[in-house]
Amino acid sequence: MTSKREQDKPFYQIHDHTPQQPEDDGKSYGVEHYIQQIHETANKLMQDHANRGDVKLLSVALRELRYCFKVFANLRDRRQVTVFGSARMAAADPSYQQAVEFSRRIAEAGFMVITGGGNGIMEAGHLGAGRENSIGLNILLPFEQHANTVIMNDPKLMHLRYFFTRKLLFVKECEAVALFPGGFGTLDEGFEVLTLVQTGKSHLFPIVMIDPPGSDFWHHFLRFTKDVLLARRLIADEDLHLFKVTNSVEDAVAEIVNFYRVYHSMRYVKGDLVIRLNRAIGDATLQKIRADFTDIIKSGTFELTSALPEENEESLLAGLPRLKFRFDRHQLGRLRQLIDVINQD
């Protein structure tokens with residue numbers, strides 16, 4: 001667990017979510033460049049004679065995302081955990097009570113809690129975190145869905161028409177995901193998160209699946225993953241390191257908090273993966289990494305460095321030390337193991 005002093009240190013959430021190819025020329029474009037591209041795309045819709053339904057979908061999605069980005073921009077100095085789980089859980093259910101306890105403890109560790117803003121596990125997440133530490137992404141459905149009483153009328157509650165914009169925000173804005181038992185929606189969200197992390201389409205973050213003591217909901221998932229997916233070689237052994245199944249709130253909180261003990265964040269620069277660190281790692285740890293993780297580098301070795309010139313727009317992170325290497329992007333499970341070694345320094 002981190003110290004109180006480390007918890008109080010501001011976190012500036014800066015991720016480069018733009019997929020980069022190995023042949024990336026390293027150019028860094030400003031906001032104006034991408035706004036111009038949006039204008040050009042909108043003009044092409046007219047040239048393409050796009051139908052009203054398609055243009056309306058794009059317009060609503062863009063307006064929703066712009067507003068939500070504005071809300072989240074005011075929260076950049078806090079790490080956030082997305083909590084998923086059933087909307088049908090009553091307050092007496094052990095999973096509901098466990099979600100309250102988890103969210104209370106993760107908020108005490110300095111994190112905010114993002115949920116869908118509704119009832120059940122979503123309400124439990126906000127109840128535990130408290131209104132000031134809660135963020136809601138409510139979905140507008142043909143049948144009315146009310147926001148829970150904790151987040152209702154809060155400026156951090158956002159309403160979205162489309163599931164795909166909502167799901168994008170759940171992952172883009174979070175620094176960890178906690179899954180409690182749920183139905184099709186929870187499983188959909190869980191599998192999507194695993195897919196995005198496994199394929200490198202999302203930044204790497206902890207994924208914890210939490211069962212109440214004596215329950216086996218996520219343990220059934222773990223058995224299926226091992227006995228069917230892994231046994232049939234549909235996933236790799238290393239993929240099992242991308243998530244953790246536990247019955248313990250304490251272990252779940254520790255899994256998330258300890259992930260950011262030394263590791264801070266990452267981005268790609270000219271084909272290299274640059275891992276930003278809260279503090280420099282020792283020589284013994286560096287030598288262990290060089291010896292044990294040769295399988296995840298395409299060429300060269302692991303180098304300790306300071307901020308690169310291409311990162312100059314991220315001035316708030318300029319003072320952090322870096323670990324730079326040419327990463328084999330098929331090895332996300334092993335990359336998670338590397339971060340665990342870094343955090344043990």
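Which helix gives the most to the lining of the largest cavity? Helix α7 does, with four residues. The model is predicted: local features need pLDDT of at least 70 and side-chain atom pairs count only at pLDDT 80 or more, while totals for chains, interfaces and linings use all residues. Residues are numbered from 1 along each chain as its sequence is written, and side-chain values use heavy atoms, with hydrogens and water left out. Helices (H or I, at least four residues) and strands (E, at least two) are DSSP runs numbered from the N terminus.

**Cavities**

- The structure holds two cavities of 30 Å³ or more. A cavity is a set of points, on a 1 Å grid over the protein atoms alone, where a 1.4 Å probe fits but cannot get out, and its lining residues have an atom within 4 Å of a point. Grid points are joined across faces, edges and corners, and the volume is the space filled by probe spheres set on the points.
- The largest cavity has a volume of about 40 Å³. Its lining consists of Leu179, Leu187, Gly190, Phe191, Leu194, Met209, Trp218 and Phe221.
- Two helices, α7 (184-198) and α8 (217-230), each supply at least two residues of the lining of the largest cavity.
- Seven residues of this lining are nonpolar, one is polar and none is charged. In this scheme Ala, Val, Leu, Ile, Met, Phe, Trp, Tyr, Cys and Pro count as nonpolar, Asp, Glu, Lys and Arg as charged, and the others, Gly among them, as polar.
- The second largest cavity has a volume of about 30 Å³. Phe84, Lys167, Phe170, Val171, Glu189, Glu192 and Val193 line the second largest cavity.
- Helices α6 (163-172) and α7 each supply at least two residues of the lining of the second largest cavity. By class, that lining has four nonpolar, no polar and three charged residues.

**Salt bridges**

- A search of the whole structure finds 23 salt bridges. Each is a side-chain nitrogen of Lys or Arg within 4 Å of a carboxyl oxygen of Asp or Glu.
- Arg104 and Glu108 form a salt bridge with an N to O distance of 2.7 Å. These two residues are four apart in helix α4 (residues 94-108), so about one helical turn separates Arg104 from Glu108.
- Arg104 is partly exposed at 33% relative accessibility, and Glu108 is exposed at 52%. Buried means under 20% relative accessible area, exposed over 50%, and partly exposed in between (1.4 Å probe, protein chains only).
- Glu314 and Arg276 form a salt bridge, with the closest N and O atoms 2.7 Å apart. This pair links distant parts of the chain, 38 residues apart: Glu314 is in the loop between β10 (297-305) and β11 (322-327), and Arg276 is in strand β9 (residues 272-277).
- Both partners are buried, Glu314 at 4% relative accessibility and Arg276 at 0%.
- Lys324 and Glu303 meet in a salt bridge at 3.9 Å, N to O. Because Lys324 lies in strand β11 and Glu303 in strand β10, the pair ties together parts that are 21 residues apart in sequence.
- Lys324 is buried at 15% relative accessibility, whereas Glu303 is partly exposed at 38%.
- A network of salt bridges links Arg267, Arg276, Glu311, Glu313, Glu314 and Arg322.

**His264**

- His264 is in strand β8 (residues 263-269) and is buried, with a relative accessible area of 5%.
- The side chains of His264 and Ser265 are joined by a polar contact of 2.8 Å. A polar contact is a pair of N or O atoms within 3.5 Å; within protein, one must be able to donate a hydrogen and the other to accept it, and residues adjacent in sequence count only if both atoms are side-chain atoms.

**Positive phi angles**

- Asn153, a residue other than glycine, has a positive phi near 65°. Asn153 is in the loop between β3 (134-139) and β4 (157-160) and is exposed at 70% relative accessibility.
- Arg233, also a residue other than glycine, has a positive phi near 60°. Arg233 is in the loop between α8 and β7 (244-246) and is exposed at 75% relative accessibility.

Technical notes:
On a 1 Å grid over the protein atoms alone, a cavity is a set of points where a 1.4 Å probe fits but cannot get out, and a pocket is an open set with protein on both sides within 12 Å along at least five of seven lines; lining residues have an atom within 4 Å of a point.
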